[in-house]
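Welcome! Let's take a short tour of a protein model, one region at a time. Have the structure open as you read.

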Amino acid sequence: MMTRIFSHTRPIAADVVDAFCTLQKGFTDQFVYYDKQRACRYLGLGRCIALPTLDDAESELEGPVAQPPIFFSFNRFDAENPAPTDELFEAFPRLKFMLPEIVLIENERGTLLQVNSLGPVYAGRIERFERQALAAPPRQRTSIPYRLEVDSREAWRDAVGAGLAAIDEGRVDKVVLSRRQKLVAEHPFSSKDLLVNLIDGPARGTVLLYRYADVFFCGCTPELLVRKQGTQLESMCLAGTCPAGGSSEEGERLAAELMADAKNRAEHDYVVQFIREVFRRTCYDVEVPAEPGILPLTHVQHLCTPARARVLEGVDLWEMKGDLHPTPAVAGTPVGEAKMLIRGIETYNRGFFAGACGYVDGDGDGEFSVALRTGVFDGEIGWVYAGCGIVAGSVADDEYDEISAKLRTILSAFDGEGDAR
């Protein structure tokens, strides 16, 4: 039986983040996919319906803008991992496609307000939400003091040792291991507080947020997994890391050293080969450059190779997400064996960390990013996560320090100083 969705979309002369901050007070379900570099910004409130598939959904578009409804999807790194997640991740339901009641949008169609319903959208609701959005005051940043319970460097050395042993035995060529640290805040904080600091602060990439009741997952990731617009498909090979440097000159020197480093280039090439092979199975006109470039971020720099193609008829975004995730950038290679190794080495289930998170519209277009530099919180405590690739020659202490640099991105969500707007 088809699910019929009524979706009213109209232009709105409001700042979508300010509007979100005002409207969010009335909704416990919240969803954000906000690219800081381009107009691909979707902020959802409430949950109209959750669906296991979009095949049985049909949309009736209302209003002056023909914008298909926006579904959000937050997926775990290893959904079949039998180990339980921590109690914060365990609180999230296992749902595939979630349609908010309200979506604030900035995309190629402009700045929009979308209201979704399972019946014709009541005009009074649209007008009320629009009125509240237009009256939203400018958002304010807030600093949240916290302390971290630092994880053991010795335990990390043991974990890396186990990974290197598996590489020596020929089980894997690369395994991506992660660290997590417990964060305890000095006073309660909200999902809105962290969202505003990530959007207006120095973190670069795509800001993610999924709040369910009293728990929320958020962060700012640099890694696009897959983007689909019609038949056009894009992905990103992201692996190999060095510090950002304290000046532009130092940053350029470190980037040149990264480009010339055999270990990092080999780690990067595993990802390039994987994505190229996936694209060749399901796409045509595949373009993957032979040489990587540099993606500069606030605290680190990465080797980055863009990938583009045209997708074959009948292959949808959800299928491509499944074929690509997890890549060797977040699991290792071979991917299946690396996932099994991670289950044995890491003492926790990653939950949404390094999972595929994004949105799909009613036409089947959208994008997913890999949820790196993220954390899960309840407004008083939380866990923050970051990882790195282990290959032959990796030094545990160096990798520990690299992860510490990466953790600074999610920790910047607690810093309300300055204004990047």
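## The nonpolar core

The largest nonpolar core of this model has 132 residues. Those with the most contacts inside it are F74, W156, L194, F217, F279, M320 and F377. Keep in mind that this is a predicted model. In soluble globular proteins, nonpolar side chains tend to be buried together.

Let's pick one of these residues and look around it. Which residues does L194 touch? Leaving out residues up to four places away in sequence, L194 touches I144, F189, F216, C218, F377, A413 and F414. Among them, F377 is also on the list of residues with the most contacts inside the core.

## A buried strand

Another residue on that list, F74, belongs to strand β6, which covers residues 70-74. Why is β6 described as largely enclosed by the rest of the structure? Five of its five residues are buried, so the rest of the structure largely encloses this strand.

Strand β20 (residues 356-361) pairs with β6 in the antiparallel sense, over five bridges. Within this pairing, S73 is found opposite G358 of β20.

## Two crossing helices

Now find helix α4 (residues 153-168) and helix α10 (residues 396-411), whose axes come within 9 Å and cross at roughly 115°. This crossing is right-handed.

On the α4 side, R153, W156, R157 and V160 make the contact, and α10 contributes A396, D397, E399, Y400, D401 and I403. These residues divide into five nonpolar, five charged and no polar. W156 is another name you have met already, on the list for the core.

Methods: Residues are numbered from 1 along each chain as its sequence is written. This is a predicted model: local features need pLDDT of at least 70, side-chain atom pairs count only at pLDDT 80 or more; totals for chains, interfaces and linings use all residues. Side-chain values use heavy atoms; hydrogens and water are left out. Axes are lines fitted to C-alpha atoms, for helices over the stretch in contact, and angles run from 0 to 180 degrees between N-to-C directions. Helices (H or I, at least four residues) and strands (E, at least two) are DSSP runs, numbered from the N terminus. A crossing is left-handed if the near helix is turned anticlockwise from the far one by less than a right angle, and right-handed if clockwise. Contact means heavy atoms within 4.5 Å. Ala, Val, Leu, Ile, Met, Phe, Trp, Tyr, Cys and Pro count as nonpolar, Asp, Glu, Lys and Arg as charged, and the others, Gly among them, as polar. Buried means under 20% relative accessible area, exposed over 50%, partly exposed in between (1.4 Å probe, protein chains only). Two strands pair if DSSP finds at least two bridges between them. A nonpolar core is a set of buried Ala, Val, Leu, Ile, Met, Phe, Trp, Tyr and Cys residues joined through side-chain atoms within 4.5 Å.
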